Amino acid sequence: MANEYPQAMTIAGSDSDGSAGMQADLHTFFTRGVYGMSVMTTAVAGNSYGIHASVSLPTDFIDQEFADVADDFEVRAAKTGMLADSTLIKTVAKNVTQFDFGPLVVDPVIMTKHGNMLLEESAFETLRTDLIPLATVITPNFYETQKLAEMTLESEDDMVKAARKLQLMGAKNVVAKGYHQDADQSAVRDYVLLESGTGFWLSEPYHHTDRVNGTGDSLSACITAEIAKGTSVEAAIRTAKKYVNIAIGNPIEVGHKFGPINHWAAQDEMNR
């Protein structure tokens, strides 16, 4: 009886301003009716102006977090966020292999939405070899898809080819997020390639706003939450795309510069 309520887990860093990372994941879990667990890997000091310091937790502490969650709860799906180095990636891969936390959603935090590298090359290679093959779903942004597939994306056909390459790396289902830096564009189109081989496009309106912190975290967290509730992977992805678009399209004024997306708006509209 104690574990009948759907539970999901985020494996990520703590973002002190609440807009991204573990906090964005937990916001999303809550608004989608799932109880959220967490394994903290790093702690980040920052605000809406930027990140100013970060520290990684000791691996023996992270191991204990995993063991304690596994010992008491029935996590039905889990997701990863930013993992700062090879050691953290290997630690996470070891634990999600050792324990059964259900399907794994990997948000491969490699590059920013503007194309800036976040991982050292050695950590990137560890991500490709150790973590991606464990992914039930992988959710790279446009630049991460390019980096992982080792190709320039100049057309929709390129997106399809890149998604197939990611699937060959071991990820069962791929959500290759579309480009969204053009002020003149009216929509953002993501390409989805399912384990069955079925592929399709998801399109939602493009919103001109700087309130987009935590977008990628929330998309992958929503997929995780829906899977934890027993939803199919395809339905989970479709729900997550709508959820995030609503959250972006209804900005809230929190912080002075780059702000968070609006999880409340997504909760209200999706629950009508």
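The model is a predicted one, in which local features need pLDDT of at least 70 and side-chain atom pairs count only at pLDDT 80 or more, while totals for chains, interfaces and linings use all residues. Residues are numbered from 1 along each chain as its sequence is written, and side-chain values use heavy atoms, with hydrogens and water left out.

Helix 3 covers residues 86-98; helices (H or I, at least four residues) and strands (E, at least two) are DSSP runs numbered from the N terminus. Its 13 residues reach 18 Å from first C-alpha to last, close to the 18 Å expected at 1.5 Å a residue (the expected span is 1.5 Å times one less than the number of residues). At the N-terminal end sits D85 as a cap, with a side-chain oxygen 3.2 Å from the backbone nitrogen of T87.

Strand 3 is another story. Of its seven residues (50-56), the number buried is zero, so the strand lies largely in the open. Strand 2 (residues 35-47) runs antiparallel to strand 3, and six bridges join them; two strands pair if DSSP finds at least two bridges between them. A hairpin through two residues links strand 2 to strand 3, and G46 stands opposite I51.

Then there's E150, in the loop between helix 5 (142-149) and helix 6 (156-168). E150 isn't a glycine, yet has a positive phi of about 55°. Most residues other than glycine have a negative phi. E150 also counts as exposed, because its relative accessibility is 61%.

Conventions
Buried < 20%, exposed > 50% of the residue type's maximum accessible area, 1.4 Å probe, protein only. Polar contact = N/O pair within 3.5 Å; in protein donor to acceptor, adjacent residues only side chain to side chain.
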